[in-house]
Amino acid sequence: MTDNPDNPIVVVGAGAAGLLAAIFAARAAAPRRRRVLLLERTADGGRKILISGGGRCNVLPSALDESRYVTASSPNTLRKLLRMWPLPEQIRFFEAEVGLRLVREAETGKLFPEGNRAREVRDRLVALAKRAGATFRGDALVEDVIPGGRDWHVVLRTGETLPAAAVILATGGLSVPATGSDGTGLAIARRLGHTVHDTYPALTPLTAEPPPYGHLAGISPVVTLEAPPLAGMPGGGKRAFRTTGGFLFTHRGYSGPAVLDVSHLAVRSRLAGGPRQPIHVQWTALDAAEWERLLTAGGQGTVANVVRRQLPARLADALLAEAGVDDAVTLAHLPRERRRALVEALTRHPLPWTGDEGYKKAEVTGGGVALGEIDPRTMESRLHPGLYLCGEILDAFGPIGGYNFFFAWATGRAAGIGAGKEGGTAGGLDVK
């Protein structure tokens with residue numbers, strides 16, 4: 001079937017990956033005067049960009065640890081995807097081309113736009129896509145994508161059918177459905193024969209019913225969480241999962257970066273229906289040996305005062321009560337068994353959880369289209385030439401801190417270049 005030069009490259013979804021795909025597809029296709037049409041189900045697009053970082057938009061991490069990404073697909077393919085567009089080049093793009101000055105947050109290492117305005121990030125990306133030549137069409141709900149050699153057809157829910165020379169699926173996953181993520185792209189990929197690894201909410205708050213620490217809501221220490229390997233869990237690994245970061249007590253359970261980062265293990269254990277994933281909390285930077293030294297110093301100072309100097313008072317009091325340590329007991333009179341119980345509570349406290357907030361509050365979707373079915377150079381489907389997939393629809397996600405934007409920017413750019421060059425490799429850095 002011959003290629004119709006009037007058919008545009010159609011990008012489905014104007015989130016982080018879709019906006020980058022539209023920008024780079026328009027640039028790559030410009031020499032052949034190929035149009036790029038960006039379809040978005042909401043009126044303005046980029047809704048997750050707008051809400052990310054509490055409206056501040058953590059554009060990128062200041063450093064990248066590839067080992068922190070999670071996938072059920074080939075780790076080797078994932079590494080190839082992560083290395084397509086290195087972090088320094090992404091930073092240069094956002095500063096030199098998008099026009100944002102990125103500022104490093106000292107305590108977290110995250111990169112935010114100066115002024116902390118997520119809307120500016122979204123608006124500048126939309127404007128850049130339009131300047132590159134892409135046409136934006138909002139309130140366009142895609143129902144299906146039908147392959148046909150060089151002539152694709154994108155079917156809207158209104159019944160309208162749009163011809164396309166190539167299609168880029170950048171529809172996101174299932175997380176935060178209020179932003180427009182309803183799994184349409186995943187359903188289309190399945191219908192087209194792609195393997196979709198089981199999906200689940202990732203980076204989502206955990207709940208406890210009844211909430212044993214509801215009275216601590218609002219307290220936010222920096223903690224280390226450890227989740228030991230759980231036998232029989234797919235992708236559970238052989239080593240304990242550890243993460244350090246902010247922890248927030250809520251009225252329903254727990255949130256904060258550390259909790260979100262470990263939540264995928266809890267969610268997957270719940271969905272598997274077997275034993276629940278144990279999670280242990282080290283409440284301060286002090287380990288067991290350091291607490292032992294503090295608590296065996298002797299003297300007439302109270303144990304409670306020693307613990308309160310390291311933790312918020314209400315949290316310290318809750319842990320003291322759980323360890324059976326009286327508020328007035330001195331270091332010199334702390335029984336050995338109570339000291340051991342307190343050290344355990346401070347450094348390996350079992351976190352009681354019963355559920356999670358699901359996709360409603362999940363930052364990303366775990367699982368997705370198998371990476372092995374995508375050409376890592378171009379993001380083109382190995383099953384259907386002319387189909388490209390990028391962003392959250394793929395089987396990979398990273399921790400809190402700009403990792404998932406990094407993945408979306410990188411894969412969106414590669415898909416755009418791949419589709420714009422109509423089968424060329426995405427390694428061509430000549431597309432500026």
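Val-267 sits in helix 7, which spans residues 257-272. This is a predicted model, and in it Val-267 is buried, with 0% relative accessibility. Besides residues up to four places away in sequence, Val-267 touches Tyr-200, Pro-201, Thr-204 and Asp-356. Ile-51 is 216 residues from Val-267 in sequence, and their C-alpha atoms are 23 Å apart in space.

**Nonpolar cores**

- The largest nonpolar core has 84 residues, and the members touching the most others are Phe-93, Phe-94, Leu-125, Ile-168 and Trp-409.
- Take Leu-125: setting aside residues up to four places away in sequence, Leu-125 touches Leu-19, Leu-20, Ile-23, Ile-49, Phe-93, Phe-94, Val-98 and Trp-409.
- There's also a second, separate core of 42 residues, with Tyr-213, Val-262, Leu-286 and Ala-323 among them.

**Helices and what they pack against**

- Helix 3 (residues 75-82) and helix 13 (residues 403-420) have axes that come within 9 Å and cross at roughly 80°.
- Angles from 65 to 115 degrees count as roughly perpendicular, so that is the label for helix 3 against helix 13.
- On the helix 3 side, the contact is made by Leu-78, Leu-81 and Leu-82, and on the helix 13 side by Phe-406, Phe-407 and Ala-410.
- Over in helix 6 (residues 184-191), the residues Thr-184, Gly-185, Leu-186, Ile-188 and Ala-189 are buried.
- The cover over those buried residues of helix 6 includes strand 7 (142-146), strand 10 (166-169), strand 11 (196-202), strand 20 (364-369) and strand 21 (387-389).
- Just after helix 6 comes Gly-193, with a positive phi of about 95°.

**A buried lysine without a salt bridge**

- Lys-110 belongs to strand 5 (residues 110-113).
- Lys-110 is buried but has no salt bridge, and the nearest side chain of opposite charge is Glu-105, 5.3 Å away.
- Apart from neighbours within four places in sequence, Lys-110 is in contact with Asn-58, Leu-60, Val-103, Arg-104, Glu-105, Ile-400 and Gly-401.

**Salt bridges**

- The model has 24 salt bridges.
- One of them pairs the side chains of Asp-44 and Arg-122, at 3.4 Å from N to O.
- Asp-44 is in the loop between strand 2 (36-39) and helix 2 (47-51), while Arg-122 is in helix 5 (residues 118-132), so this pair ties together parts 78 residues apart in sequence.
- Asp-44 is partly exposed at 27% relative accessibility, whereas Arg-122 is buried, with a relative accessible area of 5%.
- Another salt bridge links Asp-261 and Arg-68, whose closest N and O atoms are 3.3 Å apart.
- Asp-261 is in helix 7 and Arg-68 is in the loop between strand 3 (60-61) and helix 3, so this pair ties together parts 193 residues apart in sequence.
- Asp-261 is buried, with a relative accessible area of 6%, and Arg-68 is partly exposed, with 32%.
- Glu-120 and Arg-124 also meet in a salt bridge, at 2.9 Å from N to O.
- Both Glu-120 and Arg-124 lie in helix 5, four residues apart, which is about one turn of the helix.
- Glu-120 counts as buried at 19% relative accessibility, and Arg-124 as partly exposed at 32%.
- Finally, salt bridges with shared partners join Arg-41, Glu-143, Arg-157 and Asp-182 into one network.

Methods:
Residues are numbered from 1 along each chain as its sequence is written. This is a predicted model: local features need pLDDT of at least 70, side-chain atom pairs count only at pLDDT 80 or more; totals for chains, interfaces and linings use all residues. Side-chain values use heavy atoms; hydrogens and water are left out. A nonpolar core is a set of buried Ala, Val, Leu, Ile, Met, Phe, Trp, Tyr and Cys residues joined through side-chain atoms within 4.5 Å. Buried means under 20% relative accessible area, exposed over 50%, partly exposed in between (1.4 Å probe, protein chains only). Contact means heavy atoms within 4.5 Å. Helices (H or I, at least four residues) and strands (E, at least two) are DSSP runs, numbered from the N terminus. Lys and Arg count as positive and Asp and Glu as negative; His and the chain ends are not counted. A salt bridge is a side-chain nitrogen of Lys or Arg within 4 Å of a carboxyl oxygen of Asp or Glu. Axes are lines fitted to C-alpha atoms, for helices over the stretch in contact, and angles run from 0 to 180 degrees between N-to-C directions. Angles under 35 degrees count as roughly parallel, over 145 as roughly antiparallel, 65 to 115 as roughly perpendicular and the rest as oblique.
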